[in-house]
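Visitor: Hi, could you walk me through this structure? I'm new to it.

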Amino acid sequence: MATIEEISLDLHKEGIFGHVPIPEDQMNRDVIQPLLETTWRYWVIVIPLAIVTLVGLSAWGYMMATGMYTTGLERPGMWGVFIANFVFWIGLSHSGTLISAILRLAKADWRRPVTRLAEAMTLFTILIAAQWPLIHLGRTWFFYYLLPYPNQRTIWSNLRSPLLFDMFAIMTYLTGSSLYLFMPLIPDLAIARDYCTGMRKKVYGVLCLGWRGTHQQWYSMEKAMNILAGLILPVAVSVHTIVSWDFAATMNAAWHTTIFGPYFVLGAIYSGMALVVTVFIALRWAFRLEAYLTLEHLDKLAKIILVAAIIWTYLWFNDYFVTWYAHWPYEWFTQASKDTGPFWYLEWYMLGINTFVTIPCFLFKKLRMSTSFMLVWSLLLNLGMWLERFLIVVPTLSHPQFTAAWRPYTMSPVELMIAAGAMTAFPLLYMIFVKLVPIIPASECKEDKIVASAKRIGLRYFPTVAKLEG
Amino acid sequence: MQILALFHDVQYLAEAVTDLRQNEHVANDDITAITGAPYHAEALGLDHPHSIIPQVAFVFWIIGGLLGFGLAAGTMMAYPLVVGGKPIPSIPPSLIITYEVAMLTAIVVTFGRTIYEFGLPSFKPEPYDVRIGAGNPAIAVKVPSEAVANRLMDRLRSRGGLVDVSIFREDEVK
């Protein structure tokens, strides 16, 4: 009679999700391997990323030294690519929280191998996002004016401004995400301590704080992670809602709308999920993690994306229809510039990829489970979502109510280089992170092994999951 | 002084814990289960652990909220400046800052309390074996003397499923 291990292996080979049928010792070695071995593929990825990041940093330094006239920012368009990038990168951070926090609270066991790569994505995208207001400041060294403390200039931060809400929200989200990432990392750092030698052993020994895995520690960990998940989730929603209020709280046409809060949050989840797919496929290929990051996971992620795509389309149409129906001239000029005006090709690309391509294609399981399709789609989708943020910021400011002040905005080479530098800084930081800590949460996968099994129903075996809490 | 016993799987561990508690009258607090993955304490034969993390998080969420409200509304009154025709103090924007500071406080305190309940950071020698992470769950049992340790070790050796058992002394590091 076949053992549960053999049955699960068969189910695993058929692509039916079950526990990862890998012995614990082998699992430990698999998650530590990226830390210990570096192949030429790693350097092929990292070196170009580092070069472009350095170019971006240099461009930023040049801009600080020379002045903001090197950008395309000019009245009335005083917000441009920098702010669009700020909104975009904040948005990308949301799906890390979605995957790890919502799925944890919903007790979706399939999330286990994916949580850390998503949480790390959140942390690094937030770090990148936090740079954009500083870049946009121009005189970045005056950023401390934002901090509320008594000073001899008798200046106090305007805590009634959404821009200050932004500062508090981003600070809270960054702190929360860092702690939410570090807490479940502790047991895996202990595994690294156990399997490494020399200086690495000492460093991981310090980082894991002396973790042993006692029953009290596991119990406290479970309690804390559920509470942190419950806390970080509303913070994530509040962060992007507050970012939307940077626009909605103004009196500008096409910005002053109550739909912006949910529209921004949903757009964030949508673009963030696409980035999770990109990172998922890249890591799966680069470190040969097919046994942990399976096609079944990709299918489940794609189903969540399909729901996000439908809701995004609904919210976009809600915003568009109200604008069209009211036909208020100042608002309509802005919308027309996107429909048939100078931004028409950007708008139609955005709609095309976000709605007309995604929704029909994601109805097919074969496409959802195709890594090449999903990789290409995820990159194109994020271009579309970046354009969505660009199309929120730029057309409105290019078309103020005083028509004589209409002026087009053009991205300058300096802005392009800084944006490109940020695009490469994220994967660069991520690749460094993957070399330093285990990206697959081995302790979570081991817990999956405990709870998952197979049950015979009729003539077939089906995966089952035990619920241990309570 | 403690003894560290490794087992092939949790079934043997749970049976050994039950045997020690019932027949050798070892107290629950003197037994620590050490595993590479989380198990229910009761499944291991131990009493349900306790934690006050939720209560601490809630109390400090309230405290953080009060601090945030004090920062927002208090400073509006300390620096009375009409902004956008809105009253001094304005409640809706105060709520945003209140909420963010409350959440930040709750998150940080939750983390701090959890690390405290872990008993970390701990860099002093504790009973541990690298085979635990590789799939051999273990128990560490506090014993008052070498004689008791030897008796318990013999009892564990007579049971099935034991991988290894040894005495751990404070100055010993594994």
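Visitor: How do the residues of the lining of the second largest cavity divide into nonpolar, polar and charged?

Guide: Please keep in mind throughout that this is a predicted model. The lining of the second largest cavity divides into 7 nonpolar, 5 polar and 3 charged residues.

Visitor: What volume does the second largest cavity have, and which residues lie nearest its centre?

Guide: The volume of the second largest cavity is about 100 Å³. Its lining is made up of 15 residues, and those nearest the centre are Pro187(A), Ile191(A), Trp211(A), Gly36(B) and Tyr128(B).

Visitor: And which elements give two or more residues to that lining?

Guide: Those elements are helix 7 (162–195) and helix 17 (442–451) of chain A, and helix 7 of chain A provides the largest share of the lining, with 4 residues.

Visitor: How many cavities of 30 Å³ or more turn up in the whole structure?

Guide: A search of the whole structure gives 3 cavities of 30 Å³ or more, and the largest cavity has a volume of about 180 Å³. It has 17 lining residues, of which Trp316(A), Asp319(A), Gln335(A), Lys338(A) and Ile392(A) are the closest to its centre.

Visitor: Okay, and which elements line that largest cavity with two or more residues?

Guide: Five helices of chain A do this, namely helix 10 (260–286), helix 11 (295–326), helix 12 (329–339), helix 13 (344–361) and helix 15 (371–398). Sorted by class, the lining of the largest cavity holds 9 nonpolar, 3 polar and 5 charged residues.

Visitor: Let's switch to the two chains. How many residues of chain B are in contact with chain A?

Guide: On the chain B side there are 57 residues in contact with 55 residues of chain A. Between them the two chains bury about 5,100 Å², and 71% of that area is on carbon and sulfur atoms.

Visitor: Which three residues of chain B supply more of the buried area than any other three?

Guide: They are Pro38(B), Ile107(B) and Phe118(B), which together supply 14% of the area that chain B buries against chain A.

Visitor: What about charged or polar links across the interface?

Guide: For chain B and chain A, the rule finds 1 salt bridge across the interface, formed by Glu126(B) with Arg212(A), whose closest N and O atoms are 3.7 Å apart. The interface also has 16 residue pairs in polar contact, counting pairs with both residues at pLDDT 80 or more.

Visitor: How many salt bridges does the structure hold over all chains?

Guide: Over all chains the structure holds 26 salt bridges, and one of them joins the side chains of Glu444(A) and Arg104(A), at 3.0 Å from N to O. Because Glu444(A) is in helix 17 of chain A and Arg104(A) in helix 5 (residues 94–105) of chain A, this pair ties together parts that are 340 residues apart in sequence.

Visitor: Last topic, the backbone. Which residues are joined by a cis peptide bond?

Guide: As background, most residues other than glycine have a negative phi, and most peptide bonds are trans. The peptide bond from Arg75(A) to Pro76(A) is cis, with omega near 0°, and Pro76(A) sits in the loop between helix 3 (40–66) and helix 4 (81–92) of chain A. Leu120(B) and Pro121(B) are also joined by a cis peptide bond, with omega about -5°, and Pro121(B) belongs to the loop between helix 3 and strand 3 (138–142) of chain B.

Visitor: Where is Ala254(A) found?

Guide: Ala254(A) is in the loop between helix 9 (215–248) and helix 10 of chain A, and, although not a glycine, Ala254(A) has a positive phi of about 70°.

Technical notes. Residues numbered from 1 in each chain as written. Chains lettered and ligands numbered in written order. Heavy atoms only, no water. Contact = heavy atoms within 4.5 Å. Buried area = accessible area lost by both parts, 1.4 Å probe. Salt bridge = Lys/Arg side-chain N within 4 Å of Asp/Glu carboxyl O. Polar contact = N/O pair within 3.5 Å; in protein donor to acceptor, adjacent residues only side chain to side chain. 1 Å grid on protein atoms, 1.4 Å probe; cavity = no way out; pocket = protein on both sides within 12 Å on 5 of 7 lines; lining within 4 Å. Points joined across faces, edges and corners; volume = space filled by probe spheres on them. Nonpolar A, V, L, I, M, F, W, Y, C, P; charged D, E, K, R; others polar.
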